[in-house]
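Visitor: I have a model open and want to learn how to read its surface and its contacts. Can you take me through the features one at a time?

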Amino acid sequence: MRRGSVQILKDLEDVIAGASKGHEAKKAAVLSYQFKNLTRGKSFAKAQFQKWRVALNDDELHLIESVAFEEMSRLGYEPHVAGVSRERLEFSEEDIAELID
């Protein structure tokens with residue numbers, strides 16, 4: 001008869017923290033400039049979280065926030081354009097059909 005053992009699972013934060021310090025992340029970091037961020041951990045994630053602010057202009061933010069407003073609000077995102085400095089964009093069925101074609 002074969003018996004198995006129970007493994008204790010780590011919480012997500014421990015797994016993420018460990019991944020940035022792991023052997024594979026360190027190996028990949030020396031391969032390319034793009035992979036250096038693998039070993040930075042929380043400092044990298046914190047900087048990336050607000051990267052969209054410089055990558056998108058107000059018109060692009062307005063469109064994205066208007067389209068995904070409900071979902072983004074549900075996830076705790078605070079809008080920066082839609083409903084703040086400009087009214088949310090509304091899309092008619094015709095507008096949507098035109099975009100799909």
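Guide: First, a caution. This is a predicted model.

Visitor: Let us start with charge pairs. How many salt bridges does a search of the whole structure find?

Guide: The general idea: side chains of opposite charge can pair when their charged atoms come close. Here the search of the whole structure finds two salt bridges.

Visitor: Which residue forms a salt bridge with Asp59?

Guide: Arg86 does. The closest N and O atoms are 2.9 Å apart. Asp59 sits in helix H5 (residues 58-67), and Arg86 in the loop between helix H6 (69-74) and H7, so the pair ties together parts 27 residues apart in sequence.

Visitor: Are the two partners buried or exposed?

Guide: Asp59 is exposed, at 51% relative accessible area. Arg86 is partly exposed, at 32%.

Visitor: What about Glu70?

Guide: Glu70 forms a salt bridge with Arg88, with 3.5 Å between the closest N and O atoms. This pair also links distant parts of the chain: Glu70 belongs to helix H6, Arg88 to the loop between H6 and H7, 18 residues apart.

Visitor: Now Ser66. Is it buried or exposed?

Guide: Ser66 is in helix H5. Its relative accessibility is 6%, so Ser66 counts as buried; the cut-off is under 20%.

Visitor: What lies around its side chain?

Guide: Look for backbone atoms. A polar atom of the Ser66 side chain lies 2.8 Å from the backbone oxygen of His62. The backbone nitrogen of Leu89 lies 2.9 Å from a polar atom of that side chain.

Visitor: On to patches. Which residues form the nonpolar one?

Guide: Leu63, Val67, Leu89, Phe91, Ile96, Leu99 and Ile100. Together they have about 650 Å² of accessible area. Val67, in helix H5, counts as exposed because its relative accessibility is 56%.

Visitor: Which helix gives the most to this patch?

Guide: H7, with three residues. H5 and H7 each supply at least two.

Visitor: Where is negative charge gathered on the surface?

Guide: In a patch made of Glu94, Asp95, Glu98 and Asp101. Take Asp95 as the example. It lies in helix H7 (residues 93-100). At 34% relative accessibility, Asp95 counts as partly exposed.

Note on methods
Residues are numbered from 1 along each chain as its sequence is written. This is a predicted model: local features need pLDDT of at least 70, side-chain atom pairs count only at pLDDT 80 or more; totals for chains, interfaces and linings use all residues. Side-chain values use heavy atoms; hydrogens and water are left out. Patches are made of residues with over 30% relative accessible area and no salt bridge: like charges are joined within 9 Å, nonpolar side chains (Val, Leu, Ile, Met, Phe, Trp, Tyr) within 5 Å. Accessible areas come from the Shrake-Rupley method with a 1.4 Å probe; for residues, only the protein chains shown count as cover. A salt bridge is a side-chain nitrogen of Lys or Arg within 4 Å of a carboxyl oxygen of Asp or Glu. Lys and Arg count as positive and Asp and Glu as negative; His and the chain ends are not counted. The place of a charge is taken as NZ of Lys, CZ of Arg, CG of Asp or CD of Glu. Helices (H or I, at least four residues) and strands (E, at least two) are DSSP runs, numbered from the N terminus. Buried means under 20% relative accessible area, exposed over 50%, partly exposed in between (1.4 Å probe, protein chains only). A polar contact is a pair of N or O atoms within 3.5 Å; within protein, one must be able to donate a hydrogen and the other to accept it, and residues adjacent in sequence count only if both atoms are side-chain atoms.
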